[in-house]
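Visitor: Hi, could you walk me through this model? I'd like to go piece by piece.
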Amino acid sequence: MSIPALQLSAVSKIYPPPTEVTALDEIDLVVGGGETVAVTGASGAGKSTLLSILGTLERPTTGTVRIAGTETSAMSDSQLSEVRATRLGFVFQQFFLLEHLSVLDNVATGLLYRGVPGRARRDRAAEALYEVGLASRIGHRAGQLSGGERQRVAIARAIVGRPAVLLADEPTGNLDSTTGAGITELLSGLAGDGTTVVLITHNAGVAAAMRRQVHLSDGRIVEDKVVS
Amino acid sequence: MRPLDAFTLAVTGLRAKRVRSALSALGIAIAVAAVVAVLGIAESAKAELIDQLGRQGNLLTVASAETINGHKVPLPPTAEPMIARIPPVQTVTAVGDVDNVTVRRSRAIPDAQSGGMSVLAAQPSLPATMAAHVLLGRYLDASAERYPMTVLGYEAARILGIGDLSTPSQVLLGTHYFTVVGVLAPVDVAPEIDVAVLISFGQAATVFHRTDGPSRIYLRADPDQVADVASVLTGTTVPDGRNDVQVRRPSDLLLARIAAKGAFVGLLLGLGGIALLIAGVGIANIMVISVLERRGEIGLRRALGARRRHVAAQFLLESTMLAVIGGVLGIVLGVVATAVAARLGGNPLTIPPIALAAGLGAALLAGGLAGLYPAARAARLSPTEALRTL
């Protein structure tokens with residue numbers, strides 16, 4: 001059996017006082033390479049915490065996280081940054097585009113912390129923009145784009161480094177349903193290239209577009225099904 | 001991340017908030033300009049004073065000391081020719097106070113209003129000995145011994161309102177009108193000449209019946225033997241030792257002024273330092289606000305793989321760059337201010353290199369220190385916390 005892209009073993013996350021909320025409670029989750037996973041659940045079920053821990057943005061209170069088979073709990077902050085730069089891509093509900101930069105430079109920022117030279121960054125950013133269907137918008141400023149276009153730019157930025165895993169937090173949350181459907185299609189299409197996609201969503205339609213659906217409730221996985 | 005990328009990142013960060021960046025840099029610029037201008041202007045003025053000191057350092061005066069009842073005993077008439085005979089003495093000139101004579105423009109002005117001016121009997125050798133320039137007209141010549149002519153000191157001309165000799169002007173000395181034939185430029189080492197109305201010894205004798213010896217003698221000695229000459233002046237002036245005389249070196253006044261300027265520079269530099277501190281606090285403030293506003297960006301960069309030190313470097317570079325831009329602008333402003341001040345004051349333009357280095361160094365230090373806390377704050381931010389904002 002091949003090494004899983006992501007593997008959580010008995011992961012718990014308890015936030016420190018005063019809240020002392022148990023966001024995740026002994027989660028076990030294995031995501032194979034090229035899988036598409038939708039994580040669903042009510043607000044406060046622990047979806048965002050799960051994504052942060054999968055993305056090494058946060059450390060679990062107990063349990064282990066393996067990324068491509070490598071244990072991350074002993075890693076330093078710098079080593080975790082390196083893992084994010086080389087193996088993971090992120091897409092957020094709020095896009096987080098840098099408004100004062102051009103579309104091309106926003107996407108090129110995805111390679112900035114990998115030490116790729118400027119010209120190569122821009123060349124690869126142009127390719128990524130072509131893949132998300134925004135080749136015509138290269139020279140525009142981020143502020144001039146529509147919501148759907150902005151999220152496409154964010155996706156291009158996430159995939160420009162060809163990460164093994166793409167983590168998306170409510171990627172369609174700020175978009176209307178038609179635009180959202182286009183984004184969902186784009187994300188599920190990435191799996192065809194071997195990219196593992198894990199996305200959080202409230203939207204049943206978006207979740208249905210992913211092959212595997214994991215449902216969280218009160219920090220536990222209550223349902224984990226693969227739709228064939 | 002490459003150094004060039006870090007630099008570009010800081011530039012784009014600053015350009016994103018142009019007005020804010022420009023205003024922060026302006027604060028530093030004003031402070032640095034103040035420091036550079038204070039040092040530059042002080043140095044230029046000092047250069048002028050030191051220059052004067054070199055030219056005026058060999059000037060000595062001999063005056064009769066006042067007696068206990070305030071009465072001045074004139075110097076012996078032999079004093080001036082005797083002093084002229086001391087070998088290192090180059091030039092010598094004598095002046096005599098013409099007491100109890102008022103100075104007015106006309107009889108319409110009450111005689112109590114003499115404006116603090118005094119009438120002095122002077123010799124033709126005065127301008128050469130005092131290195132005094134004639135600003136308008138000419139100096140007293142041989143004919144002045146016979147006719148009522150006067151040359152005004154710079155301040156006296158100003159007080160009397162005589163700024164132009166194209167139409168003949170007269171001043172009323174006591175009850176006699178004198179024609180103004182010239183005005184002297186300011187004499188820094190002898191302010192008493194500036195407020196004087198000069199007439200010839202001949203006119204002083206015939207019109208005001210002043211037949212005493214001189215009240216004061218000015219002389220120039222070989223610059224290397226000034227002290228030696230000063231030591232024998234008393235004996236030469238009053239060989240019998242019956243009267244006291246005061247020997248003075250007017251250039252001591254310049255030394256005092258240089259010292260006073262030094263004290264002022266210290267004070268003004270202190271103020272410049274405070275201005276720089278305020279500007280630095282301004283930058284720190286702007287950077288803290290910037291970190292708060294850009295939490296999303298910080299979170300995104302951490303998600304893209306930026307290490308803590310990348311984030312810290314970005315903010316530190318931004319604040320340092322702001323300060324350097326301000327510093328360079330401030331140096332330019334400071335040099336321009338110094339040049340203008342030097343030109344207005346008629347001083348040579350002197351900008352000490354230390355002023356430029358100190359200005360830029362202080363700006364760098366202010367920017368670096370101002371950026372430390374915001375940068376540390378940005379770097380400490382946890383990625384999830386940063387991303388949760390907006």
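Guide: Happy to, and a definition comes first: two residues are in contact if their C-beta atoms, placed from the backbone, lie within 7 Å. Helices (H or I, at least four residues) and strands (E, at least two) are DSSP runs, numbered from the N terminus. This is a predicted model, in which local features need pLDDT of at least 70, side-chain atom pairs count only at pLDDT 80 or more, and totals for chains, interfaces and linings use all residues. Residues are numbered from 1 along each chain as its sequence is written, while chains are lettered from A and ligands numbered from 1 in the order in which they are written.

Visitor: Thanks. Which residues of H2(B) and H12(B) meet?
Guide: From H2(B), Ile28(B), Val32(B), Val35(B), Val36(B), Leu39(B) and Gly40(B) take part. They meet Ala355(B), Leu356(B), Ala358(B), Gly359(B), Ala362(B), Ala363(B) and Ala366(B) of H12(B).

Visitor: At what angle do the axes of H2(B) and H12(B) cross?
Guide: The axes of H2 (residues 18–56) and H12 (residues 353–380) of chain B cross at roughly 155° and come within 9 Å. Axes here are lines fitted to C-alpha atoms, for helices over the stretch in contact, and angles run from 0 to 180 degrees between N-to-C directions.

Visitor: Are H2(B) and H12(B) roughly parallel or antiparallel, then?
Guide: H2(B) and H12(B) are roughly antiparallel to each other. For the cut-offs, angles under 35 degrees count as roughly parallel, over 145 as roughly antiparallel, 65 to 115 as roughly perpendicular and the rest as oblique.

Visitor: And which helix packs against H12(B) with axes 7 Å apart?
Guide: That is H11 (residues 308–345) of chain B, at an angle of about 155° to H12(B). This makes H11(B) roughly antiparallel to H12(B).

Visitor: Is the crossing of H11(B) and H12(B) left-handed or right-handed?
Guide: H11(B) passes H12(B) in a right-handed crossing, and the crossing of H2(B) and H12(B) is right-handed too. A crossing is left-handed if the near helix is turned anticlockwise from the far one by less than a right angle, and right-handed if clockwise.

Visitor: One more in chain B: is Val232(B) partly exposed or buried?
Guide: Val232(B) counts as partly exposed because it has 13 C-beta neighbours inside 10 Å. A residue is buried if 20 or more other C-beta atoms lie within 10 Å of its own, exposed if 12 or fewer, and partly exposed in between, with C-beta atoms placed from the backbone. Val232(B) belongs to H8 (residues 226–237) of chain B. The C-alpha atom of Val232(B) is separated by 9.3 Å from that of Ile83(B), 149 residues apart along the chain.

Visitor: Over to chain A. How many helices and strands does chain A have?
Guide: Chain A has seven helices and 10 strands. Of its 228 residues, 50% count as buried. Among contacts between residues at least 6 apart in sequence, 69% join residues at least 24 apart.

Visitor: In what order do the four strands of the open sheet run?
Guide: The order is E2-E1-E4-E5 in chain A, with antiparallel pairing. E2 and E5 (70–71) of chain A stand at the edges, each with a single partner strand, so one side of each is left without a neighbour in the sheet. Two strands pair if DSSP finds at least two bridges between them.

Visitor: Over how many bridges do E1(A) and E4(A) pair?
Guide: E1 (residues 6–14) and E4 (residues 62–67) of chain A pair over five bridges. Ser12(A) has Thr62(A) as its bridge partner, and Ser9(A) has Thr64(A). On the E2(A) side, E1(A) pairs with E2 (residues 22–31) of chain A over six bridges, and Ile14(A) is partnered by Thr22(A).

Visitor: What about the six strands? Which order do they take?
Guide: They form an open sheet in the order E6-E7-E8-E3-E9-E10 in chain A, with mixed pairing. Neighbouring strands of this sheet are turned by 15° against each other on average, direction ignored. E3 (residues 36–41) and E8 (residues 196–200) of chain A pair in the parallel sense over four bridges, and Val39(A) stands opposite Ile200(A).

Visitor: Which strands does H6(A) lie across?
Guide: H6 (residues 177–191) of chain A lies across E3, E7 and E8 of chain A, at about 150° to E8(A). H5 (residues 147–159) of chain A lies across E6 and E7 of chain A, at about 170° to E6(A).

Visitor: Last one: how many residues does each chain bring to the contact?
Guide: Chain A brings 24 residues and chain B brings 20. H2(A) gives the most to the side of chain A that touches chain B, with six residues.
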